[in-house]
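Here is a short tour of a protein model for you to follow on screen. Keep the structure open beside the text and pick out the residues as they come up.

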Amino acid sequence: MLVFALMLAAQIAPQSADLPNRQPQLAYDGTRLGLAYGAGNSVFFAASTDSGKTWTKPVLVSTPGKLSLGMRRGPRIAMSPEAIVISAVAGPSGGGADGDLLAWRSVDGGKSWSAGKVINDVASAAREGLHAMVAGGNGVVFAVWLDLRQKGTRLYGSTSHDGGATWSPSVLVYESPSGTVCQCCHPSAAIDAQGRIFVMFRNVLDGDRDMYLVRSDDGGKTFGPAAKLGSGTWKLDGCPMDGGAVAVDAGGNPISVWRREGDVFLSTGANPEQRLGVGKQPILAATPRGPVSAWTQGKVLRVSAPGQADATVLDSDAAYPSMVALDNGRVVLAWEQGGTIVVKALE
């Protein structure tokens, strides 16, 4: 059984009291942790080489215009052998009629960053501001977003094979027969060692807002049919703004954590979903000992590991956590707390 012990802790304070640090996202490349977050209309990056104990001074990646930020909107980060890539949705005025998915890359460990490159190939199609980006096997970096190029919300994606320097034309990942997927729940993505891409999203079918999973076996060129996750269903006339998380275990199988009504569930392969507890905004990391999940119940941050009967309370004042697994078996979490980013490593 994995017993959580706090190993390391750090805080990244805002540069201005008027511009709180928000929406942290973590990535790991085997030797280094990367952290991306937003503050005002700016995107920042920091790195750690000691499992999160200390961090470099945050570097300004870009101030691209009106940045989509909050409610799982905000920067995403992926670390590939070629580069560190950070993405975010921004526009001249933000929201409404404007909003493109931009990607910046660094080839010097995050010290300097390229100009932003627009990923979506129809202007302002990413204006909802919700997206995911991941790096994985075969050097693939993949981005997926809620797309508004037509009436209704669809999932579109794009793939890079050179560390974010160039991106493929936008590919339709999924469109619902109802005319829209859930309009304000962020998609999640994962890539296995062979380069297979998994995308999880909340669908809209006959008034049900349940989680679905699609897969690409050809590096993001095409995607197969969508499969519903979980045996239950959620009748909801509205959007819960909660997209969960998906990861790939050591066997190459997708695992996911997500919310249905007021409960958080863990889904592993063909097994029935496992209820973890009451809460929202769940996240996930795949470790050699099994999946580690975390979520918030109000402002309380709870963490659950394999073999645990009850979740551990990690913090009583937390919002919008992110989590990654390290090679040494630890997991590292980051979350918002009063304008500061808190980072903690557990084992």
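Let's begin with Val199. Leaving aside neighbours within four places in sequence, Val199 is in contact with Phe142, Val144, Leu155, Val173, Ser188, Ala189, Tyr212, Leu213, Val214 and Phe223. Please keep in mind that this is a predicted model.

Val199 belongs to the largest nonpolar core, which has 19 residues. Phe142, Val144, Leu155, Val173 and Val199 are the members with the most contacts inside this core. At least two core residues each come from β11 (131–135), β12 (141–147), β14 (171–174), β15 (188–191), β16 (197–202) and β17 (211–216). A second, separate core has 18 residues, including Tyr37, Ala39, Phe44 and Val332. As a general background, nonpolar side chains in soluble globular proteins tend to be buried together.

## The β28–β29 hairpin

Val332 leads us on to the next stop. Strand β28 (residues 331–337) pairs with β29 in the antiparallel sense over seven bridges. In β29, Ala345 is the bridge partner of Val332. The hairpin of these two strands has two residues between them, and Gly338 takes a positive phi near 60° there.

Is strand β29 mostly covered or mostly open? Strand β29 (residues 340–346) is mostly covered, with seven of its seven residues buried. In a regular strand the side chains alternate between the two faces of the sheet. Here, Thr340, Val342, Lys344 and Leu346 point one way from β29, while Ile341, Val343 and Ala345 point the other way. Lys344 is worth a look on your screen, as the residues on both sides, Lys344 among them, are buried.

## A four-stranded open sheet

Now turn to an open sheet of four strands in the order β23-β24-β25-β26, with antiparallel pairing. Its edge strands are β23 (280–287) and β26 (312–315), each of which pairs on one side only. On average, neighbouring strands of this sheet are turned by 25° against each other, direction ignored.

At one end of that order, strand β25 (residues 300–304) and β26 pair in the antiparallel sense over three bridges. Leu301 stands opposite Asp315 in β26.

Why does Gln281 count as buried? Its relative accessibility is 5%, and the cut-off for buried is under 20%. The Gln281 side chain makes a polar contact with the side chain of Arg72 (2.9 Å). The side chain of Gln281 also reaches the backbone oxygen of Met241 at 3.0 Å. Not counting residues up to four places away in sequence, Gln281 touches Arg72, His186, Met241, Asp242, Ala294, Trp295, Thr296, Tyr320 and Pro321.

## Two positive phi angles

Met241 has a positive phi of about 55°, although it is not a glycine. Met241 lies in the loop between β18 (227–228) and β19 (245–248).

Tyr320 is not a glycine either, and has a positive phi of about 50°. Where does Tyr320 lie? The place of Tyr320 is in strand β27 (residues 319–325). With 17% relative accessibility, Tyr320 counts as buried.

How values were computed. Residues numbered from 1 in each chain as written. Predicted model: local features only at pLDDT ≥ 70, side-chain atom pairs only at ≥ 80, totals over all residues. Heavy atoms only, no water. Buried < 20%, exposed > 50% of the residue type's maximum accessible area, 1.4 Å probe, protein only. Pairing = 2+ DSSP bridges. Axes fitted to C-alpha atoms, helices over the stretch in contact; angles between N-to-C directions. Polar contact = N/O pair within 3.5 Å; in protein donor to acceptor, adjacent residues only side chain to side chain. Contact = heavy atoms within 4.5 Å. Core = buried A, V, L, I, M, F, W, Y, C linked by side-chain atoms within 4.5 Å.
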